[in-house]
Amino acid sequence: MVIINIKLLSGYILDKSSLKLLKKDETKIYSVTVEEDQPVRNLKPAVVKVYDYYQTSDEAVTEYTSTCAESKL
């Protein structure tokens, strides 16, 4: 079992209906939908961390950003 910890980008909120899809999904590809709530200049990347529930030292970390948000400002 793994834990997926997704930090949201500044100014974004989670579309809570996308969480329902995660609970039903048995594949190894997951997605959630975030919506821009407030425009933020100089948006910094957010972190996604995946780690083993029982062996927390087994982890993978990456960053993401929104290229759409950057093109609007």
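This is a predicted model: local features need pLDDT of at least 70, side-chain atom pairs count only at pLDDT 80 or more; totals for chains, interfaces and linings use all residues.
## Strand pairing and the sheet

Two strands are taken to pair if DSSP finds at least two bridges between them. On to the next pair: strand E4, which covers residues 46-52, pairs with E5 in the antiparallel sense over 6 bridges.

Taken together, 3 strands form an open sheet in the order E1-E4-E5, with antiparallel pairing. E1 and E5 are the edge strands of this sheet, since each of them pairs on one side only. Neighbouring strands of the sheet are turned against each other by 10° on average, with direction ignored. As a general point, the strands of a sheet pair through backbone hydrogen bonds, and they may do so in either a parallel or an antiparallel way.

## The E4-E5 hairpin

E4 and E5 form a hairpin, with 6 residues between the two strands.

How many salt bridges does a search of the whole structure find? The search finds 1, and in it the side chains of Glu 59 and Lys 49 meet at 3.2 Å, N to O. Because Glu 59 lies in strand E5 and Lys 49 in strand E4, the pair ties together parts that are 10 residues apart in sequence. In general, side chains of opposite charge can pair when their charged atoms come close.

Are the two partners buried, partly exposed or exposed? Glu 59 has a relative accessibility of 43% and so counts as partly exposed, and Lys 49, at 29%, also counts as partly exposed. The reasoning rests on the cut-offs, because buried means under 20% relative accessible area and exposed means over 50%, with partly exposed in between.

## A nonpolar surface patch

Val 2, Ile 4, Ile 6, Leu 8, Tyr 30 and Val 50 make a nonpolar surface patch of about 460 Å². The largest share of this patch, 3 residues, comes from strand E1, which covers residues 2-6. Another member of the patch, Leu 8, lies in the loop between E1 and strand E2 (12-14), and with a relative accessibility of 36% Leu 8 counts as partly exposed.

## Loop residues

Asn 42 lies in the loop between strand E3 (34-36) and E4. Phi of Asn 42 is near 55°, which is a positive value in a residue other than glycine. The relative accessible area of Asn 42 is 65%, so this residue is exposed.

Thr 65 is placed in the loop between strand E5 (59-64) and helix H2 (67-72), and at 34% relative accessibility Thr 65 counts as partly exposed. The C-alpha atoms of Thr 65 and Ala 46 are separated by 6.4 Å, although these residues are 19 residues apart along the chain.

## The chain as a whole

Read along the sequence, the chain follows the pattern β-β-α-β-β-β-α, and its secondary structure comes to 2 helices and 5 strands. Of the 73 residues of the chain, 11% count as buried.

The chain exposes about 6000 Å², of which carbon and sulfur atoms supply 53%. Among contacts in the chain between residues at least 6 apart in sequence, 55% join residues that are at least 24 apart.

How values were computed:
Residues are numbered from 1 along each chain as its sequence is written. Side-chain values use heavy atoms; hydrogens and water are left out. Patches are made of residues with over 30% relative accessible area and no salt bridge: like charges are joined within 9 Å, nonpolar side chains (Val, Leu, Ile, Met, Phe, Trp, Tyr) within 5 Å. Accessible areas come from the Shrake-Rupley method with a 1.4 Å probe; for residues, only the protein chains shown count as cover. A salt bridge is a side-chain nitrogen of Lys or Arg within 4 Å of a carboxyl oxygen of Asp or Glu. Helices (H or I, at least four residues) and strands (E, at least two) are DSSP runs, numbered from the N terminus. Buried means under 20% relative accessible area, exposed over 50%, partly exposed in between (1.4 Å probe, protein chains only). Axes are lines fitted to C-alpha atoms, for helices over the stretch in contact, and angles run from 0 to 180 degrees between N-to-C directions. Contact means heavy atoms within 4.5 Å.
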